[in-house]
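Colleague: Could you walk me through this structure? I'd like to begin with the ligand and then move on to something else.

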Amino acid sequence: MPQDRYAVFGHPINHSKSPRIHALFAQQTGQAIHYTSQDVPAENFREELKRFAAEGGRGLSCTVPLKELAWGIADRKSVRADRAKAVNTLVLGKDGRLFGDNTDGAGLLRDLTVNLGLTVTGLNILLLGAGGASRGILEPLLAMKPRRLIIANRTVAKAEKLAIEFADLGSIEALPFKALASESFDLILNATAASLSGDLPPLPEGILAAGGACYDLAYGNQPTAFVRWGGSMGAKLSVDGIGMLVEQAAEAFFIWRGMRPQTRPVIELLNAERSQAK
Ligand code: NAP
């Protein structure tokens, strides 16, 4: 049977789990797709996208550092992608036009609320980082009506810009890391890229409320520095972003193929493979 082609572009891309996840979705739903990964730095994005489309590619996942670029390139975009000014899912139309969507926020919220059983409404939330991932998750997070959402980022001006951009959606404020010492949060989300280099954002002790939870959007075969920090602070739950990765991929699969795969067996399988790799 001929297979429709999909791929994830990004840089670096070597440890991407997306090809494995989409292969599992295809197997589960009986869809004939072939999904690969390709190392594409920002300066090669347009050229590689053109080549992939010319070779019959049907859809693309875009990851660091391509999401904002993909938003700029797409001919049509979903409302949520436009709000985020970032695209992680592209549909390559037969007429050569590109449709861009952003499934990161839906993926995170589904992992938090459905898989992990957290209630976001009424919580004091700290969001670390003000890059593409934060842009994608702010709208659905604020839609859940947290009591207060603080963004802290190494470059404070970027957090301030985001707080202004999303202020119409709820209670959102930017603070520098050093101003966090007097605060207390029920949920801390790490959307910085610090974990990718084994680093931890500069977090004061005592900012996690009793019974609070920590969630790192980054993931790896080992617990990230932030997941370990959450554990050492007594978090009731301190997990990485593998569930979000699977959920955002399922949402992309739905956009491309019109059917929604079951995510729980895929998350369980990836977790089992990770514990074997340790
Ligand atoms: P990005 O656009 O490059 O933004 C990176 C952010 O991290 C910026 O806010 C940056 O601060 C901050 N940062 C980088 N190194 C840092 C350090 N050593 N200490 C403190 N802050 C640091 O990247 P992104 O697309 O937002 O991705 C962020 C993370 O989310 C990555 O780990 C990515 O893998 C993860 N992610 C996971 C999923 C998933 O499905 N699980 C989806 C999307 C993203 P400055 O502004 O000061 O540079």
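Modeller: Keeping in mind that this is a predicted model, we can begin with threonine 155, which has a polar side-chain atom lying 2.5 Å from an oxygen atom of the ligand.

Colleague: And which atom of alanine 133 is 2.8 Å from an oxygen atom of the ligand?

Modeller: For alanine 133 it is a polar backbone atom, and leucine 245 likewise has a backbone N or O atom, which lies 3.4 Å from an oxygen atom of the ligand. On its own the ligand has 930 Å² of accessible area, and the protein covers 83% of that.

Colleague: How many residues are around the ligand, and which come nearest?

Modeller: There are 25 residues around the ligand, and the nearest are Ala133, Asn153, Thr155, Lys158 and Leu217. The shell divides into 12 nonpolar, 8 polar and 5 charged residues, and α9 gives the most to it, with 3 residues.

Colleague: Why does the ligand lie between domain 1 and domain 2?

Modeller: Residues of the shell come both from domain 1 (4-102 + 245-277) and from domain 2 (105-240), so the ligand lies between the two.

Colleague: Changing topic, what is the order of the strands in the open sheet?

Modeller: The open sheet has 6 strands with parallel pairing, in the order β9-β8-β7-β10-β11-β12. Its edge strands, each pairing on one side only, are β9 (172-174) and β12 (237-239).

Colleague: How many bridges join β11 to β12?

Modeller: Strand β11 (residues 208-216) is joined to β12 by 3 bridges, and the two run parallel; cysteine 214, for instance, has serine 238 in β12 as its bridge partner.

Notes:
Residues are numbered from 1 along each chain as its sequence is written. This is a predicted model: local features need pLDDT of at least 70, side-chain atom pairs count only at pLDDT 80 or more; totals for chains, interfaces and linings use all residues. Side-chain values use heavy atoms; hydrogens and water are left out. Two strands pair if DSSP finds at least two bridges between them. Helices (H or I, at least four residues) and strands (E, at least two) are DSSP runs, numbered from the N terminus. A residue is near a molecule or strand if one of its heavy atoms lies within 4 Å of it. A polar contact is a pair of N or O atoms within 3.5 Å; within protein, one must be able to donate a hydrogen and the other to accept it, and residues adjacent in sequence count only if both atoms are side-chain atoms. Accessible areas come from the Shrake-Rupley method with a 1.4 Å probe; for residues, only the protein chains shown count as cover. Ala, Val, Leu, Ile, Met, Phe, Trp, Tyr, Cys and Pro count as nonpolar, Asp, Glu, Lys and Arg as charged, and the others, Gly among them, as polar. Domain bounds come from an automatic or database domain assignment.
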